[in-house]
Each structure stands twice: as C-alpha cells, then as structure tokens.
Amino acid sequence: MTRPTVLLLGPTASGKSAIAMALAGTIPLEIVSVDSALVYRGMDIGTAKPSAEERSAVPHHLIDLIEPTRSYSAAQFAQDAGRLIGEIRGRGRLPLLAGGTMLYAKALVDGLHELPAADATLRARLDVEAARLGWPALHARLARVDPASAARIEPMDAQRIQRALELFELSGEPMSALLARQTRAASGERFLTIALEPSDRSVLHERIAARFLRMLDEGFLDEVRRLRARGDLHPGMPSMRCVGYRQAWEHLDGLCDRDTMIARAVAATRQLAKRQLTWLRSMPQRQVVDCLAPDALQRVRALLQSNE
C-alpha cells in the first residue's frame, strides 16, 4: 500500500517549517505549502517565507505563485495540491504538505463547498460601510441574518465577516445553510494528519511576539513600504489583510505608533493561532504532537515510520 500523504499542520509559530526541513534531511520528500500568504510574491519577511537556501536544498511548492493584487482560493489550492501530490509521488518522493491555512487542508481532505464567486462591487460597498460603521457593526448585522456564522467569526475578522455577508446578499441564504447543504467530493487521497499543538498556550504567545520583533529587525517595515510604493495595492486586498501587514500599513499611514502597531500585530496573530487550533480540534483523525516538547521532531518522525 502506498504510504499516506503527510499533512503537517499547526498554528503560527509552532515550528512546522523547521520540522519539515529536518525531516527532509533523512526522507526523500518535497514540501507543499499550505499557507494562503506564501502564495504572494514580494511578501517574504512578514510571512516567514522559506529562504532561498532552504528552497534550493528541498523542493518547495505553492510559494510565490501570484502577485499580491490577485487572489488565490481554497478551490485552487485543492486542485494544485492534488496535482502536485501525484507529480511528487511520480518522482519517488513523499509529498509533505505543511502549513497553517486550515481551510486549504479541509478543502483537500474533506472536499469543498460550492459557493457563489466573489463579487468585487459588493465587496467594495461592504468595505465602504465598514470604514464608516466599523467591522463590529457589520458583525452585528451578520448576527441578525446568520447567527450560526456570526457565533464562530470574531467581530474584527473583516475578511470572514465580509464573505459571510457577501454570500447572504448574493444567495439570499445564510452562509451556514449553504455550507451545510453544498459540497464537492474530496480528493480520495489517504492522509496522515499530524497536528503540532502547544501544551502551554502562553509559550506559543511568547514565540509569536518574539517572531514579530525578529521580523521587524529583518526589515519588515521596509518590505511593507515597498509594497505600498507599487501603487496598485490597498489595505482592503486579501494580501494586505494578512496579519502583520495590515497593522504595519496602518502604522505607515500614521494611524498608530510603533508600539501600538506591535501590540496590534501580536494580538492579531494570537487570534489567528486561536482560530487555527479551533480548526485542528475539529479534525478527529489528527495525530497530536506537542510542538513545545524537546523531542517533537522525533515524535513526528515516529508517526511517519509507523505509517510506512
């Protein structure tokens, strides 16, 4: 029997990339990114993108696919990842899918909901309303028409609030009802899902804060300045809504000082990690490894060996 494709998932700062690279030192594998931010070109420091040296040492896929003016969906990921899995197997290597965009992982493993496509005009109108009223007000609107979706979306999660309201206006039905009814078939692949989860959330929070400060030392603000200087990006785009980038843009707009930017970026990243862990807990087949354990790599390696 063919060994299963490996999904190495975890919240931000859980050490996924380091473990994937370490595994590549002893196992012939190729890494497929499961990260919605790594697809964008020119967004390197703030996404903790693998270095050129790492990418030359181990083949990486689904990185630097598109310009940040464009969008990339879970449907595209499922299609691209499914193709890559076959190609990597054809080269006699193990496909290792590593990242933290849980919607992408779910689309690949469980199938994808068929939902109306994005409507640029409607999204622009919602953006204008949010700028005038604030996202919590739009979240309250969502709670009136789709309480089930509002209950699992944070009041400041602009991207998800916008999508839920967009779907309601386009279809006349709550997003929760659409998700419950409509589905596309899963890929049929066999997966070993390994979840890197922290035994102590506070330690993960410390890692998140330290990593953002390190990004600043590496020139993150200069990276955002270059993106702003292009002239074709704005804060409402999915790429610029990525955690860290949105807060840095606000700082460069003069809307907050450096310390406030850092506090907001770290808080937003912690919220992201919380959502990622919620997603992981909904995956009953996952094998949990404590990402804070000194022998986390050995535990992951043991799981791979037991599934050969």
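Tutor: The domain bounds used here come from an automatic or database domain assignment, and the model itself is predicted. By that assignment the protein is divided into domain 1, covering 5-112 + 185-306, and domain 2, covering 120-181. The centres of domain 1 and domain 2, taken over C-alpha atoms, are 25 Å apart.

Where the two meet, five residues of domain 1 are in contact with eight residues of domain 2. Together domain 1 and domain 2 bury about 570 Å² between them, and carbon and sulfur atoms give 35% of that area. On the domain 1 side, Pro238, Arg241 and Arg275 supply 70% of the area buried against domain 2, more than any other three residues.

Two salt bridges cross the interface of domain 1 and domain 2. In a salt bridge between the side chains of arginine 241 and aspartate 127, the N to O distance is 2.9 Å. Two residue pairs are in polar contact between domain 1 and domain 2. The side of domain 1 that touches domain 2 has one nonpolar residue, one polar and three charged.

For the packing elsewhere, the largest nonpolar core has 53 residues, and those touching the most other members are Phe77, Leu97, Phe212, Phe220, Tyr245 and Met261. Phenylalanine 77, leaving aside neighbours within four places in sequence, is in contact with residues including Leu62, Tyr72, Leu97, Tyr104 and Leu108. Another core, of 23 residues, lies apart from the largest one, and Ala20, Val58, Val300 and Leu304 are among its members. In soluble globular proteins, nonpolar side chains tend to be buried together.

Notes: Residues are numbered from 1 along each chain as its sequence is written. This is a predicted model: local features need pLDDT of at least 70, side-chain atom pairs count only at pLDDT 80 or more; totals for chains, interfaces and linings use all residues. Side-chain values use heavy atoms; hydrogens and water are left out. Contact means heavy atoms within 4.5 Å. Buried area is the accessible area (1.4 Å probe) that two parts lose on being put together, summed over both. A salt bridge is a side-chain nitrogen of Lys or Arg within 4 Å of a carboxyl oxygen of Asp or Glu. A polar contact is a pair of N or O atoms within 3.5 Å; within protein, one must be able to donate a hydrogen and the other to accept it, and residues adjacent in sequence count only if both atoms are side-chain atoms. Ala, Val, Leu, Ile, Met, Phe, Trp, Tyr, Cys and Pro count as nonpolar, Asp, Glu, Lys and Arg as charged, and the others, Gly among them, as polar. A nonpolar core is a set of buried Ala, Val, Leu, Ile, Met, Phe, Trp, Tyr and Cys residues joined through side-chain atoms within 4.5 Å. Buried means under 20% relative accessible area, exposed over 50%, partly exposed in between (1.4 Å probe, protein chains only).
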